[in-house]
Amino acid sequence: MRFGVVRFPGSNCEQDVIHAVRHLGLEADYIWHGDTDLGGFDAIVLPGGFSYGDYIRCGAVARFSPVMAEVVRFAEAGGPVMGICNGFQILTEAHLLPGALLRNVGLKFICHSQLLRVEKSVCQWLDLPEGTVVDIPVNHNEGNYICDPETLARLQDNGQIVVRYCEVDGSVKADSAPNGALDNIAGICNERGNVFGLMPHPERVVDPMCSGTDGVAFFTSIVERLASV
Amino acid sequence: MPRYEIHVTYKKGIFDPPGATAERALQNLGYGEVNSVKIGKYVQLDVAEGTDEARVREMCDKLLANPVIEDYRVELVEEA
């Protein structure tokens with residue numbers, strides 16, 4: 001099981017992802033955004049950062065990086081792809097996930113630990129019981145998820161909402177989202193469950209030396225799933 | 001050389017945090033007559049002769065605007 005982590009100009013969390021995956025005893029290596037093949041990796045991660053300086057819109061330019069055509073092909077063939085933060089924004093711009101991410105309500109860049117409620121979903125990347133509360137840091141300026149009402153209904157009906165911002169007791173209140181995200185959505189997946197995008201950073205809470213281990217399942221679930229196939 | 005001007009704005013119903021903040025700020029500054037502020041983007045595009053509006057709209061759909069959240073207006077301001 002090898003994780004490929006795409007490095008775009010302006011990515012800044014790719015080393016964290018590599019460290020997290022290797023810390024779990026798994027293999028990981030970089031993929032350059034200009035490459036036109038994915039090097040046989042089993043799972044692809046689009047890391048956080050500010051690809052192309054967030055110019056035009058977050059992820060709008062990165063989605064046309066040469067490697068993205070391959071990422072789209074890989075995802076459409078059922079290959080597992082996870083986009084974290086800027087990676088999530090890139091996945092929406094690439095139309096691998098529906099909706100878009102707007103500026104945070106209040107225009108504040110947010111950077112703090114954040115409680116998330118795991119929802120019952122078809123996501124292949126997260127195999128935690130519904131209602132589990134995990135503490136995963138957020139670090140973004142454009143995490144305000146939005147989509148049209150039909151898309152939201154589809155996300156709900158298909159079990160594509162994977163994690164929501166929540167309170168300490170796991171309840172989800174109208175204002176639980178620190179960024180104004182629609183329906184408190186922190187992460188969604190595609191219908192098939194192989195493409196997953198989320199604003200919080202699970203790679204930062206994998207090594208106990210760095211404030212927690214709640215992010216571990218975000219990397220191990222897919223490994224167990226692929227091993228059992 | 002033809003010049004196109006493009007205005008990109010949020011679609012109706014999409015909350016515009018910078019616009020809402022500017023709206024509140026103006027009202028706080030005493031401009032009570034301000035009812036609404038929307039903030040968008042302006043793109044000036046100089047293109048080769050013979051580039052038609054359909055081609056420019058294609059550029060908007062692909063890169064300059066995100067049709068999920070944004071509308072755009074294209075205007076030819078200088079003829080070839």
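Visitor: Leaving aside neighbours within four places in sequence, which residues is A:Pro98 in contact with?

Guide: With those neighbours set aside, A:Pro98 is in contact with A:Cys147 and A:Thr151. Two residues are in contact if their C-beta atoms, placed from the backbone, lie within 7 Å. This is a predicted model, in which local features need pLDDT of at least 70 and side-chain atom pairs count only at pLDDT 80 or more, while totals for chains, interfaces and linings use all residues. Residues are numbered from 1 along each chain as its sequence is written, and chains are lettered from A and ligands numbered from 1 in the order in which they are written.

Visitor: Why is A:Pro98 called partly exposed?

Guide: Within 10 Å of A:Pro98 there are 19 other C-beta atoms. A residue is buried if 20 or more other C-beta atoms, placed from the backbone, lie within 10 Å of its own, exposed if 12 or fewer, and partly exposed in between. A:Pro98 is therefore partly exposed. The residue sits in the loop between H3 and E5 of chain A. Helices (H or I, at least four residues) and strands (E, at least two) are DSSP runs, numbered from the N terminus.

Visitor: Why does A:Asp183 count as partly exposed?

Guide: A:Asp183 has 16 C-beta neighbours inside 10 Å, so it counts as partly exposed. Its phi is also positive, about 55°, although A:Asp183 is not a glycine. The residue is found in the loop between strand E9 (161–165) and strand E10 (185–189) of chain A.

Visitor: How many residues has the largest nonpolar core, and which have the most contacts inside it?

Guide: A nonpolar core is a set of buried Ala, Val, Leu, Ile, Met, Phe, Trp, Tyr and Cys residues joined through C-beta atoms within 7 Å. The largest such set has 74 residues, and those with the most contacts inside it are A:Val45, A:Leu116 and A:Val162. Helix H2 (residues 66–76) of chain A gives the largest share of this core, 5 residues. Another core, of 7 residues, lies apart from it and includes B:Val56, B:Cys60, B:Leu64 and B:Tyr72.

Visitor: How do you know that the buried residues of H2(B) line one face of the helix?

Guide: In H2(B), the buried residues are B:Val56, B:Cys60 and B:Leu64. Seen down the axis of H2(B), they fall within an arc of 50°, so they line one face. The arc is that of the directions from the helix axis to the C-beta atoms. The buried residues pack against strand E1 (3–10), strand E2 (41–46) and strand E3 (70–78) of chain B. On the face turned away from the buried side are the exposed residues B:Ala54, B:Arg55, B:Glu58, B:Asp61 and B:Lys62.

Visitor: Why is chain B called more spread out than a compact globule?

Guide: Chain B follows the pattern β-α-β-α-β along the sequence. Its radius of gyration is 16 Å, well over the 12 Å that the globule rule gives for 80 residues, so chain B is more spread out than a compact globule. The radius of gyration is taken over C-alpha atoms, and the globule rule is 2.2 Å times the number of residues to the power 0.38. The C-alpha trace of chain B spans about 50 × 25 × 15 Å along its principal axes. Of the 80 residues of chain B, 15% count as buried.

Visitor: What makes chain A agree with a compact globule?

Guide: For 229 residues a compact globule would have a radius of gyration near 17 Å, and chain A has 16 Å, which agrees. Its C-alpha trace spans about 45 × 40 × 35 Å along the principal axes. Buried residues make up 54% of the 229 residues in chain A. The chain has 5 helices and 11 strands.
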